[in-house]
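Hi,

Here is the structure I said I would pass on.

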Amino acid sequence: MDFDDTPDEAAWRAEVRAFLADHKDELGARTGRRDLDDETSRRRQALLYDAGYVGVTWPVEAGGRGGTPMQQAIVDQEMARAAIPGLINLIGIGMCGPTVIGHGSQDQKDRYLKRLLRADDVWCQLFSEPASGSDLAALRTRAVQDEQGDWHITGQKVWTTLAHLADYGILLTRTDPDVAKHRGLTMFVVDLKAPGVSVRPLRQMTGGAEFNEVFFDDVVIPDSERLGEVGEGWRVALTTLMSERLTLGGGGGDIGMNVERVAEHVGGRIGALPPDRQALVRQDFGRAYVATLGMRYTGYRLLTALSKGSLPGPEASAGKLAGTRAALELADLAVRLLGDDAVYGAGPDSARPDSAGPDETATWQLLQAGLPGMAIAGGTNEVLRNIIGERVLGLPPEPRADKGMTFRELAAAGA
Ligand SMILES: Cc1cc2nc3c(=O)[nH]c(=O)nc-3n(C[C@H](O)[C@H](O)[C@H](O)COP(=O)(O)OP(=O)(O)OC[C@H]3O[C@@H](n4cnc5c(N)ncnc54)[C@H](O)[C@@H]3O)c2cc1C
């Protein structure tokens with residue numbers, strides 16, 4: 001690993017940094033606002049896209065820049081440094097877009113990809129259901145084809161991030177219950193504004209409502225909106241899930257709080273503690289600091305591998321697993337030390353030290369409250385451990401009682 005920018009990377013960093021500085025007000029830098037205000041967030045992403053800083057690694061024919069993972073990482077680092085809020089279409093860029101690129105028709109690519117990168121359309125990922133999260137292949141939402149070739153969708157999805165703002169989603173359905181559960185699935189692009197789709201926001205413990213229940217009541221999808229072959233949905237979904245783990249865990253960016261900012265905010269508090277507690281808190285902070293840096297540098301190693309042309313394997317799961325644990329340790333420590341100020345005081349993204357309240361800024365406590373969700377989204381920590389155990393360490397696989405059974409038999413057995 002080499003941490004220094006090459007001359008080309010340094011030039012790219014300087015260009016990105018200058019652009020972000022020149023446009024900091026339009027981009028909402030340091031306002032501390034993290035809510036997903038639809039119009040402002042879409043405008044922010046369009047401005048960044050038009051400047052060439054969204055979809056940096058996407059192929060040019062897909063509307064991207066055809067750049068390197070390192071160039072994308074530099075954009076991400078510079079955005080974090082300038083405190084620019086994240087992109088609204090994170091799920092579109094990280095998960096849905098790569099799935100359309102990998103499995104969509106030319107017509108779908110032409111219609112969707114550039115608009116997705118500009119946030120002209122916002123996308124969501126409709127996979128999880130009330131009875132199928134970790135065991136995703138057990139999903140029940142049915143797609144049945146009529147004589148004209150159109151598909152009729154009936155069922156329910158849940159935890160769908162951004163569905164309340166989304167224009168489109170990638171939707172995993174069951175098209176054949178009479179084969180093994182992984183084999184009878186098919187993926188579609190669905191128009192979230194189509195008749196028969198209803199979206200109900202779910203309130204989270206952060207107070208926000210960024211994910212939703214989505215109901216499909218005989219929603220019609222033309223066959224031209226299929227992604228991949230009928231019955232090949234699992235293979236298509238693997239493209240999405242692989243991209244998801246990389247997006248959530250491996251880019252060398254910190255998950256949750258930035259450790260240097262935590263040090264800045266809580267450092268002064270340590271001296272005010274009784275002497276016998278100071279050493280213990282320093283130890284806790286040291287542990288969280290090391291874990292966070294370990295995660296960051298592991299992410300860099302992944303980036304180095306990517307920039308040399310290798311594809312991420314199951315070890316990408318380790319980044320998300322270690323990253324969410326480190327982030328939680330750090331957040332718990334910060335909130336413990338800040339006390340009431342963590343709840344009511346100015347948050348880490350705040351422009352003004354005196355700005356306060358969850359309406360204006362992400363407080364430390366809100367950041368902490370969002371982290372347990374990160375350890376669940378995109379594969380729970382337990383499931384990631386299974387993947388690492390089986391596919392990285394080569395341990396014996398878990399017993400699979402459903403082997404050889406069709407989905408219909410499984411459903412009848414109440415599995
Ligand atoms: C913030 C957030 C955003 C999300 N956004 C989306 C989205 O946009 N689209 C979408 O489709 N989904 C989304 N999800 C859903 C997410 O993918 C699921 O929550 C996740 O896959 C776990 O499924 P589950 O909630 O049904 O839990 P379950 O699968 O029911 O798991 C319950 C518990 O059992 C454990 N467990 C399950 N199976 C095993 C096993 N084999 N071995 C050991 N332990 C096991 C789990 O680790 C967990 O502790 C989101 C979730 C969160 C928290």
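How far is a nitrogen atom of the ligand from a polar backbone atom of tryptophan 159? The distance is 2.9 Å, which counts as a polar contact (a pair of N or O atoms within 3.5 Å; within protein, one must be able to donate a hydrogen and the other to accept it, and residues adjacent in sequence count only if both atoms are side-chain atoms).

Before the rest, some housekeeping. This is a predicted model, where local features need pLDDT of at least 70 and side-chain atom pairs count only at pLDDT 80 or more, while totals for chains, interfaces and linings use all residues. Residues are numbered from 1 along each chain as its sequence is written, and side-chain values use heavy atoms, with hydrogens and water left out.

An N or O atom in the side chain of threonine 380 sits 2.6 Å from a ligand oxygen, and a polar side-chain atom of asparagine 386 is 3.1 Å from a ligand nitrogen. On its own the ligand exposes 970 Å², and the protein buries 65% of that (Shrake-Rupley areas with a 1.4 Å probe; for residues, only the protein chains shown count as cover).

The shell around the ligand has 17 residues (each with a heavy atom within 4 Å of it). Ser134, Trp159, Thr161, Thr380 and Glu382 come nearest. Five of the shell residues are nonpolar, ten polar and two charged (nonpolar is Ala, Val, Leu, Ile, Met, Phe, Trp, Tyr, Cys and Pro; charged is Asp, Glu, Lys and Arg; the others, Gly among them, are polar). β3 gives the largest share, three residues (strands are DSSP E runs of at least two residues, helices H or I runs of at least four, numbered from the N terminus). The ligand lies between domain 2 (123–236) and domain 3 (250–379), because both give residues to its shell (bounds from an automatic or database domain assignment).

Then there is the packing. The largest nonpolar core has 39 residues (buried Ala, Val, Leu, Ile, Met, Phe, Trp, Tyr and Cys joined through side-chain atoms within 4.5 Å); Leu48, Trp123, Phe127, Leu172 and Met187 have the most contacts inside it. α4 gives this core the most, five residues, and domain 1 (7–88) and domain 2 (123–236) each supply at least three.

Last, arginine 42, in helix α2. Its relative accessible area is 12%, so arginine 42 is buried (under 20%; exposed is over 50%, partly exposed in between, with a 1.4 Å probe and protein chains only). Its side chain reaches the backbone oxygen of aspartate 120 at 3.0 Å.

Cheers
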